[in-house]
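Subject: Structure handover

Hi,

Here is the structure I promised to pass on. Please load it first; my notes follow below.

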Amino acid sequence: MFKGNFINNLPKIYGTYTGGFIVFIILMAIGEQAGMSAKVIGICFVAFTVLIYALIGYLSRTIQVDAYYLAGRQVPTVFNGMATAADWMSGASFVAMAGGIYFKGYGYMALLVGWTGGYVLVASLLAPYLRKFGCYTVPDFIGTRYGGNLARLSAVIVLTVASFTYVTAQINATGTIASVALDIPFNIAVYVGLASILMCSMLGGMRAVTWTQVAQYIVLIIAYLIPVFWISNKMGAGVFPHLMLADEVARIAELEAQFGLGSIKNSAADLKQVPKGLSGITKAHAEVNTTPWKFISLAVCMMAGTASLPHVMMRYFTTPSVKAARRSVGWSLFFIFLLYSSAPMLATLSKLSLMDPNLATGIIGKSISEVQAIDWYQNWNQANLMFVSDFNGNGTLELNEFFMGGKAVVLATPEIAGLPYVISGLVAAGGMAAAMSTADGLVLAISNALSHDIYYKMINPKAETAKRLLIARILLVLIGFAGATIAALEIQGILGSVIWAFDFAMSGLFFPLVLGVWWKRANAQGAVAGMLGGLAAGTAYLIAVRSGYPGFLDITQLTFGIVGSVVSLVLMIVVSLATKAPDAATQKMVDEVRVPSGKAILGRQH
Amino acid sequence: MSKQAQHWEKTRGLLFVTLAIWFVFSIGIFLFGAEMEASSIRPFGYPLSYYMTCQGSLGIFVILIFWFAGRQEKIDEEFGFSEREDD
């Protein structure tokens, strides 16, 4: 199947795969009608999809360096777009983002703008030039452009901090889904998640990750869109929800006023009863509920972070040409747009299903005992992701008495809206695909940087191919285990850690990468100062804010990248100008990077 | 001026135009969140602020990248810096 002119057969192969997946969904739906239990359906969905990814991972195994690091540089534009979209859309986008919007409304929708707008920066400032460079990893670019092991090492440090923060969140997400779908304890489920992640990446490196990510994109987009369209149609809200939910948005505002959102506050003693991590609706759904600066600062951090995250950048190293890299960014964003434009719609539908007393699914205004008897409430309550309590003692559930975990919004909505269980199973498979695909990309980014940049380029430049790839695989497993161990501790929620990762990446890598292409005068000393200084400043600010420092300019722990990147920019310019200009060879190299034609700076095998 | 310098000048020009459009739709309009909300322009009936954050700006970014890629390809061709197919 994966032999011969595999690349030319791609549309056929993935077409068949998509068809097969749809047949599987239908079989499951028939099974449900025939009396298959919810638990079995959940297990089937997660197990079947994960096995398929593992199979693709196995079939894509390789012993060649450029296949392991760059998927052989032959990934077609559109397929690379799909793979990037899966690489990019993590558990945070799939599982947590709609939840964030559900609870915080407009203020968190800055994430939608930030996580898409960043691609304009990727396309125009970086991706085509880094593709021309021909590097294997992002530190490979930094190390060659600026010269010297110190610059390379600094880039590896920033990459590791940012990607590792990110990967713990993804393993947490796979663990959450595996524990709910397979009904096993969370701290065992994270290792089940880890095993599936490693199966996809260990044997084939970038090549295996590429082809599993395409498969994962197909699963996750089907799993996200079906419930949105289904609920919207079932509710009678509109055939095409994206363009037809204006009335529902207005209706939510009406209900918010009716239920006293904002005027009824819970006392601190009442809130103590609520399990950790759950929250109630406290912000209006569609109103502009934040200052322009707060919205923009969050969006800016996510955009600059997008353009600095190595696991995304390295996807554009795999295209056949510079032109293809540029177009591929457009396709990536198109595939991301399909999901992101649906997230607020899902939040709207989910909220209305719960709130509207005119709908059969509405629970606000019902008696507490009635709600506590609902099946889905009991399940999610048991998983510690839903909670109700009669604070005012009137026997009915008020809006301020219902609490839910952010990650439950997407996963539980199909059940809440009364869809058959097969859809919940599908959504679990989709969430698993989203988290796994990102975790794969991240673990690979870290282990490639360590194996290629630290081991091969700095420690043992004479290492043979077989040894290099063996080291790369050992590191992959070690990093995965470290990530899973930390994920099991649950230090920070999924969305929070992901936002931190963007801030870390932005603090240390944004300006050194951009100026590497766009400012010839930038030199190694400046870049090292920029990377380490920026990362240190950002981290210091984060720690200070976490330990009670009020901060300045309304910069919070979610936007500390602003502090880091400004420090990074200033240091980089000042130190570069205070030291010697880069030599003529480096300047010539930058000139060559700026035109698409001609040979790559670094050869296929390096 | 050498061919390469001219090519870079045009490329930079395109970058500035692209970033200007990007700036307007990612930062500029959100300085006026409250004004957008009150505006009588309501795409598909949604408040303008809500629509731009969930679809408007996002869609513009997609179109912007493809437009940018097309223009850049033209610039590369103009100065003979396009890649050969078998590169």
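How many of the 87 residues of chain B count as buried, in percent? The figure is 34%. Bear in mind that this is a predicted model, and every value here is computed from it.

Chain B first. The chain has 3 helices and 0 strands. From the N terminus on, the order is α-α-α. Its radius of gyration is 18 Å, whereas a compact globule of 87 residues would come out near 12 Å. The C-alpha trace spans about 50 × 30 × 15 Å along the principal axes of chain B. Take the contacts in chain B between residues at least 6 apart in sequence: 56% of them join residues at least 24 apart.

Next, the contact between the chains. Chain B puts in 40 residues and chain A puts in 42 residues. On the chain B side, helix H1 (3–26), helix H2 (33–38) and helix H3 (48–78) each supply at least two residues. H3(B) gives the most to that side, with 18 residues. By type, the side of chain B that touches chain A splits into 22 nonpolar, 13 polar and 5 charged residues.

Now the core. The largest nonpolar core holds 238 residues. Those touching the most other members are Leu126(A), Leu130(A), Tyr217(A), Leu220(A), Ala428(A) and Ile65(B). Helix H21 (residues 421–459) of chain A gives the most to this core, with 20 residues.

Ile65(B) is worth a click. Leaving out residues up to four places away in sequence, Ile65(B) touches Tyr119(A), Val120(A), Ala123(A), Val329(A), Gly330(A) and Leu333(A).

Last, a sheet in chain A. Three strands form an open sheet in the order E1-E3-E2 (chain A), and the pairing is antiparallel. Strand E1 (278–279) and strand E2 (386–388) of chain A are the edge strands, each pairing on one side only. E2(A) pairs with strand E3 (residues 402–405) of chain A over 3 bridges, in the antiparallel sense.

Best wishes

Definitions and conventions
Residues numbered from 1 in each chain as written. Chains lettered and ligands numbered in written order. Predicted model: local features only at pLDDT ≥ 70, side-chain atom pairs only at ≥ 80, totals over all residues. Contact = placed C-beta atoms within 7 Å. Helix = DSSP H or I, 4+ residues; strand = E, 2+ residues; numbered from the N terminus. Nonpolar A, V, L, I, M, F, W, Y, C, P; charged D, E, K, R; others polar. Rg over C-alpha atoms; globule rule 2.2 N^0.38 Å. Buried ≥ 20, exposed ≤ 12 C-beta atoms within 10 Å, placed from the backbone. Pairing = 2+ DSSP bridges. Core = buried A, V, L, I, M, F, W, Y, C linked by C-beta atoms within 7 Å.
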